[in-house]
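This report describes selected local features of one protein model, taken region by region. Please read the text beside the sequence and the coordinates.

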Amino acid sequence: KALTYQGPNNPPQLNDLPKPEVQNPTDAVIKLKFSTICGTDLHILKGDVPTIPAGRILGHEGVGTVASVGAGVTNFKEGDPVLISCISSCGTCEYCKRGMYSHCVTGGWSLGNKIDGTQAEFVRIPNAENSLYKVPAGVDEQALVMLSDIFPTGLECGVLNAKVSPGSTVAIVGAGPVGLAALITAQLYSPSTIVMIDPDENRLVVAKGLGATHTATPDKAADVVNGATEGKGCDAVLEAVGIPETFHQCQELVAPGGTIANVGVHGVKADLHLENLWDKNIAITTRLVDTTTTPMLLKLLAAKKLPAEKLITHRFKFADMLKAYDTFGKASQEKALKVLIEM
Ligand code: NAD
Ligand code: ZN
Ligand code: ZN
């Protein structure tokens, strides 16, 4: 059973399909236990990723057990519990050697995009040795699903790119799952202030509970940031929405010498006020998630130092997958963050 894309603006379909098999010696086939839905899946359904053909199995996040491995896979065996990375990587090509797994010449964002994904009973994982992670003992496998994509994204594209450091001041624009994962991982670096900005009051309440020192709706963001930073602005400003307005707002919220880390996926162009940015010594960073921080995040989850489970608001059986999409698509009415799918 698998959920397949049916072309732009059509609902996805639950289909019975042949079970995936090992095709290459470096493949593994995983029996899924848990999966989830990403904001990117909603973009796909709207037709925003036109290279994805109808019939493609959706999904790039998941946790399961190894069902079979190719002859070249030596670090995993049948029955091993594993976390699936949203990025497939060989670990040996020129980009992988530089930690740029998202640019792997035989991988990158493959699942639910270039090949069939994880919203299915079984999935084939290419480059399995470097694209799967063994589950440490005692780890909550539901919380673990949050490490396939949103936690490495919030940490790598947001917190690390923005150089969040002890005592620094941080603003995070967008309190969706990615912005909240950035909020949680930013605290690993002990900033003095974290201002979360979102028009959705419910998400601001969640942000407060997860450690935000200040929250603000977009219209009050400048006042709150100025109030919290003696009018200087924030050293690290993370854009976790993906629209021109928020990228513009980040440029107003950043302090002299600060960094804007763009995390959001922008379908359109956004303005750069180069004169102001130059005058304030601002660095701007962007990147795709590489999931190179996954081993570190796994250790923190095992040590109960990463409250990833707090981002799961709804749980569905796989048979109710369409309802799960509906709930996730109406996130603000449904007060939904991540919806967990039990396969
Ligand atoms: P989401 O849609 O669930 O969350 C976005 C949040 O932004 C929502 O809470 C929404 O209320 C808020 N928002 C809307 N308008 C706003 C405004 N004017 N000011 C402040 N907040 C506003 O998305 P998500 O799943 O949390 O992902 C966030 C972004 O990260 C998306 O653009 C996604 O595509 C991107 N992403 C990037 C990577 C990467 O590799 N760089 C990986 C995964 C996701
Ligand atoms: Zn995703
Ligand atoms: Zn590679």
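## A buried isoleucine in a loop

In this predicted model, I282 is buried because its relative accessible area is 15%, where buried means under 20% relative accessible area, exposed over 50%, and partly exposed in between (1.4 Å probe, protein chains only). The place of I282 is in the loop between α10 and β13 (283–286); helices (H or I, at least four residues) and strands (E, at least two) are DSSP runs, numbered from the N terminus.

Leaving aside residues up to four places away in sequence, I282 touches V254, A255, P256, G257, G258, I260 and L277, contact being heavy atoms within 4.5 Å. Between the C-alpha atoms of I282 and T106, which are 176 residues apart in sequence, the separation in space is 35 Å.

## A nonpolar surface patch

Helix α10 (residues 274–279) contains L274, which is exposed because its relative accessible area is 57%. Together with L272 and I284, L274 forms a nonpolar patch on the surface, with about 270 Å² of accessible area for the three residues together. Such areas come from the Shrake-Rupley method with a 1.4 Å probe, and for residues only the protein chains shown count as cover.

Patches are made of residues with over 30% relative accessible area and no salt bridge, with like charges joined within 9 Å and nonpolar side chains (Val, Leu, Ile, Met, Phe, Trp, Tyr) within 5 Å; a salt bridge is a side-chain nitrogen of Lys or Arg within 4 Å of a carboxyl oxygen of Asp or Glu.

## A lysine in strand β7

K134 lies in strand β7 (residues 132–134) and counts as partly exposed because its relative accessibility is 47%. Apart from residues up to four places away in sequence, K134 touches N75, F76, D80, P81 and L298, and its side chain reaches the backbone oxygen of N75 at 2.8 Å.

## Strand β15 and its partners

Of the 5 residues in strand β15 (residues 338–342), 4 are buried. Strand β3 (residues 28–36) pairs with β15 in the antiparallel sense over 3 bridges, where pairing requires that DSSP finds at least two bridges between two strands, and T36 stands opposite L340 in β15. With strand β14 (residues 312–317), β15 pairs in the parallel sense over 5 bridges, and the bridge partner of K317 in β15 is E342.

## Basis of the values

Residues are numbered from 1 along each chain as its sequence is written, while chains are lettered from A and ligands numbered from 1 in the order in which they are written. Local features need pLDDT of at least 70, side-chain atom pairs count only at pLDDT 80 or more, and totals for chains, interfaces and linings use all residues, while side-chain values use heavy atoms, with hydrogens and water left out.

Technical notes. Polar contact = N/O pair within 3.5 Å; in protein donor to acceptor, adjacent residues only side chain to side chain.
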